[in-house]
Amino acid sequence: MTEKLRKKLFYGIAIVNFIMITIYEFLTPTMSDDVIYADAVAEANSFFDLFVQEYQHYMGHTGRNVAHIILRIFLYIGNKGVFNIAAGLVFTLLSLCIYACVDYKKSYDLRVYIGILILLWMFDPAISNNVLWETGACNYLFTAAIMFSYLSLYKRAYLRDRNSTPLFIAGMFVLGLLAGWCNENSSGGVIFIVLLFMFLKWKKTKSFTGFKAWMVSGLVGNVIGFSILILSPGNRSRAEMADEAHTGLLALAARFLRVTLTLKDNYLLLMLVFVVIAIAIGYRAGKTEAFLKASFSMLLFGLAFLVTSYVLIAVPDSQLRTYYCASLFLMTGIMNGFGWMVNEGFKEDLVQILATSLVTVLSVIFVFTYIEQGANLARIKREFDEREAYCREMAAKEEMVIEAPMLRPEWESRYSMAYVSDICEDKFNWLNISYALHYGLWYITGVDRESWTGY
């Protein structure tokens, strides 16, 4: 295949990926925290009031201001279609940034890029939270794109030993500041990678003379952003509210077990793939020095995955979505190893056939999965829209205490968090109350959809 044809196919696949994720974004309703933040944003008198709200959020809730100001801006615009398209673009940008972090690849390497897309679509256990839910996407997808944009640029400049210019120094500082101000464990993982790069530079020269000004400005930006993030008074308030069964060393042991079991239950397959690729590289590379050279980026991102995951021991509790950037590090490591195997280490026809077949077969499986789950998302969206129209109609009629149907259980999908964000039979449940307030009602009680006859 000629490079010209590969280039056309590469960008064609990127465009198709954008269209596919954007369709799923349009099929995802506004739910859970979306309505809570939307109601808060609706109280803003002007665009600049959003920053006042975010300052209050920083003081009382969390330091993730970069993520939440993005969310507030989208909610202030008031058109979810704008967010849907933006999220599709950001998801595509993230995939390209991960691709840029792969060392051993051909020009417009289709197998590597399709492999990245398969991992992002099929092996993210919390994709419904991290990518397709508006609040979650702003907190994790958008921030991951910021962090990987910074890392891909940093890694590229590092490997090319790029000289410093005033514009690049300033740009790395600003991007580093944003990357450090995203999520506690994820931004910490970014700093870990940057520090490791700088340590390797120092180890090579045994002095600080090899450090470029842009390397230092990027790290300074990281540290400043991360400091603002973790010094939020709201973080302390949330920590004080946390309830744990153990204290002291027992609490740390319990947290370590929690993280370990989360990795086992959700990322074991990816970790095993990582190990198998590392073993294959080790056998082919032979000597330790050759192995380390071949697997440098793979091991770098694999180690970042572990650090970004286990640093969550520092907090009493964590949701699966907080492992998102850690999983992206693991996926990036896997694709670095895959790229070396198919483009550098194993030229045999059998290996090439197996690699191409694997990517092709997984792509076919994904297409069928996409169509099937897309149908479920459309059904869920229809149910949400019908219920929303009914709630607004009842509010207009001043029927302040109502019953409304819950979702049919047979349409549950890993690409939707609608079921964990659904109303329930308890009208005092926080989600029921949030939806009721959003629609201008007092209470909503969930009832079984099959027995519902209201519409």
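First, a term: buried means under 20% relative accessible area, exposed means over 50%, and partly exposed is in between, with a 1.4 Å probe and protein chains only. This is a predicted model, so local features need pLDDT of at least 70, side-chain atom pairs count only at pLDDT 80 or more, and totals for chains, interfaces and linings use all residues. Residues are numbered from 1 along each chain as its sequence is written, and side-chain values use heavy atoms, with hydrogens and water left out.

So, salt bridges, meaning a side-chain nitrogen of Lys or Arg within 4 Å of a carboxyl oxygen of Asp or Glu. The structure has 14 of them. Take Asp 161 and Lys 212, at 3.8 Å, N to O. Both sit in loops, Asp 161 between helix 8 and helix 9, Lys 212 between helix 10 and helix 11, so the pair ties together parts 51 residues apart in sequence. (Helices are DSSP runs of H or I, at least four residues, and strands are runs of E, at least two, numbered from the N terminus.) Lys 212 counts as buried at 18%, while Asp 161 is partly exposed at 39%.

Next, which residues are linked in a network of salt bridges? Those are Glu 383, Arg 408, Arg 449 and Glu 450. Glu 383 meets Arg 449 at 3.6 Å, N to O, and both residues are buried. Arg 408 meets Glu 450 at 2.9 Å, N to O. Here Arg 408 is buried at 17%, but Glu 450 is exposed at 56%.
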